Amino acid sequence: MDFDLRKLRYFVAVAEELHFGRAAAQLHIAQPALSRQIRALEDELKTLLFVRDRRTTVLTVAGEQLLADARDLLAAAEAVHRRVTAAGEAKPVLTVGFMPGIVVTPAVRVLARQRPDVGVRLLRTSWHDQVEVVHDGRVDVSIVRLPIDQRGLTVRPLFTEPRVVMVPAGHRLAGKESVSVTELADEHLLQDPDAVPEWRDIALELRKPDRPEVPRIHSVEEKLELVAAGAGISVIPLSTATFYTRPDVIAIPVEDVGPNQVCLAWLTTRRSPLIDAFLDAAASLVP
C-alpha cells in the first residue's frame with residue numbers, strides 16, 4: 001500500500017499524546033476529523049491501532065510497531081524534502097551541525113577557499129538532537145560528541161579533549177587544581193550516569209533506592225544554572241566549559257575520567273561531493 005504521510009503524522013500525534021483531544025489541538029484540526037483519519041488508516045492497514053474507551057486511549061501491539069516505524073519514515077520523508085529544496089537553490093548549500101563548545105569557523109574558512117561557490121549554513125545541536133538532525137535532513141554533516149547511536153551513520157573521529165567537573169563556586173572542591181573521580185562519588189550527577197562510567201561504577205547515590213530525579217536538561221545554559229544553584233554537578237568537555245565561563249561555576253579537571261571523543265557523522269547512504277569537501281576541510285579542526 002501507499003502510505004499517506006498526513007495520516008501517519010496524525011497517528012504519531014495521537015500515539016504520543018494518547019489523547020485524541022490533545023492531539024487534535026496540537027494538529028490544529030477538529031477532533032472528529034482526526035478520529036475519521038485514524039479510522040481510515042486502520043481500515044487501510046486492516047488492523048486496530050488503538051484501544052479506546054471513554055477514559056483512555058492505548059496503543060495496540062500493531063500500533064506500537066507502527067509508531068516505531070512511522071517516526072523514521074516521517075523523518076526520512078522530511079529529509080528528502082529538505083535535500084530536494086536545497087538542491088533546487090541557485091547556489092549549492094551545505095548545512096553543518098555542531099555541538100556546544102566546538103568552533104567550526106576554521107573548517108568553514110577552508111571550505112570557502114576550496115569551494116567559493118558553496119554556501120554554508122550552521123546549526124547548533126544538543127545531546128538530545130545531534131543525531132536526529134542528521135537523519136531528518138536538517139544538516140548534511142554534523143560534528144558530534146560520542147556516545148551516539150551510530151546506526152545508519154558513518155562516523156569519522158576528529159579529536160579527543162579532556163573533561164572537567166562543573167561545581168558551584170562555594171563547593172568543597174572548588175579550590176582544587178584537579179580531583180579524582182572518587183572524590184565525586186557522593187555527589188549528585190546532573191546527567192545520564194552512563195555518560196560518565198567511571199563515576200557510575202562508584203556512585204553512592206546509584207546504590208540507594210531513592211536516587212534524586214535528574215530533570216530533562218535541554219542546553220548547557222540550563223545545566224550550568226542547576227550547578228550554580230547547588231542542585232548537583234556535571235562533567236562536560238573542557239571546550240564547552242571554556243566557552244560557557246561564568247563566575248558562579250568552577251571547572252575542575254578530573255584526573256581519571258576518559259576524554260570526550262569528537263567525530264564527524266553523516267548518513268551512510270548519502271553520496272555528496274559537498275560532504276566530501278567538508279570532511280577534508282574539517283581536518284583544520286584537529287588540535
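Helix α1 passes helix α4 in a left-handed crossing; a crossing is called left-handed if the near helix is turned anticlockwise from the far one by less than a right angle, and right-handed if clockwise. The model in which this is seen is a predicted one, where local features need pLDDT of at least 70 and side-chain atom pairs count only at pLDDT 80 or more, while totals for chains, interfaces and linings use all residues. Residues are numbered from 1 along each chain as its sequence is written, and side-chain values use heavy atoms, with hydrogens and water left out. Helices (H or I, at least four residues) and strands (E, at least two) are DSSP runs, numbered from the N terminus.

Two packed helices are described by the angle between their axes and the distance between the axes. Here, axes are lines fitted to C-alpha atoms, for helices over the stretch in contact, and angles run from 0 to 180 degrees between N-to-C directions. For α1 (residues 5–17) and α4 (residues 61–87), the packing angle is about 125° and the axes are 10 Å apart. That makes α1 oblique to α4, given that angles under 35 degrees count as roughly parallel, over 145 as roughly antiparallel, 65 to 115 as roughly perpendicular and the rest as oblique. On the α1 side, the contact (heavy atoms within 4.5 Å) is made by L5, L8, R9, F11, V12, A15 and E16. On the α4 side, G63, L66, L67, A70, R71, L73, L74 and A77 take part. Sorted by class, the contact of α1 with α4 has 11 nonpolar, one polar and three charged residues. In this sorting, Ala, Val, Leu, Ile, Met, Phe, Trp, Tyr, Cys and Pro count as nonpolar, Asp, Glu, Lys and Arg as charged, and the others, Gly among them, as polar.

Helix α1 also meets helix α3. Their axes come within 10 Å and cross at roughly 110°, which makes α1 roughly perpendicular to α3. This crossing of α1 and α3 is left-handed. In α1, the residues R6, K7, Y10, F11 and V14 meet L34, Q37, I38, A40, L41 and E44 in α3. The contact of α1 with α3 has seven nonpolar, one polar and three charged residues.

Next comes the pair α2 and α3. The axes of these helices come within 9 Å and cross at roughly 105°, so α2 is roughly perpendicular to α3. F20, G21, A23, A24 and L27 of α2 touch Q31, L34, S35 and I38 of α3. The loop between α2 (20–27) and α3 (31–45) holds H28, a residue other than glycine whose phi is positive, near 60°.

What does UniProt list for residues 3–60? The unreviewed entry gives "domain: HTH lysR-type" for this span; UniProt positions are in the numbering used here, feature names are shortened, and annotations may be inferred rather than shown by experiment. In the model, residues 3–60 are 62% helix and 10% strand, and the end C-alpha atoms lie 19 Å apart.

Turning to the strands, an open sheet of five has the order β4-β3-β5-β10-β6, with mixed pairing; two strands pair if DSSP finds at least two bridges between them. At the edges stand β4 (119–124) and β6 (153–161), each with a single partner strand, so one side of each has no neighbour in the sheet. On average, neighbouring strands of this sheet are turned by 20° against each other, direction ignored. Three bridges pair β3 (residues 93–98) with β5 (residues 141–145) in the parallel sense, and the bridge partner of G97 in β5 is S142. The loop between β5 and β6 contains P147, which is joined to L146 by a cis peptide bond with omega of about 5°.

Another open sheet has three strands in the order β8-β7-β9, with antiparallel pairing. Its edges are β8 (234–237) and β9 (249–253), each with a single partner strand, so one side of each is left without a neighbour in the sheet. From one strand to the next, the twist averages 40°. Strands β7 (residues 163–168) and β8 run antiparallel, joined by four bridges, and R163 stands opposite P237 in β8. Helix α8 (residues 220–228) packs on this sheet and touches β7, β8 and β9. The direction of α8 makes about 50° with that of β7.
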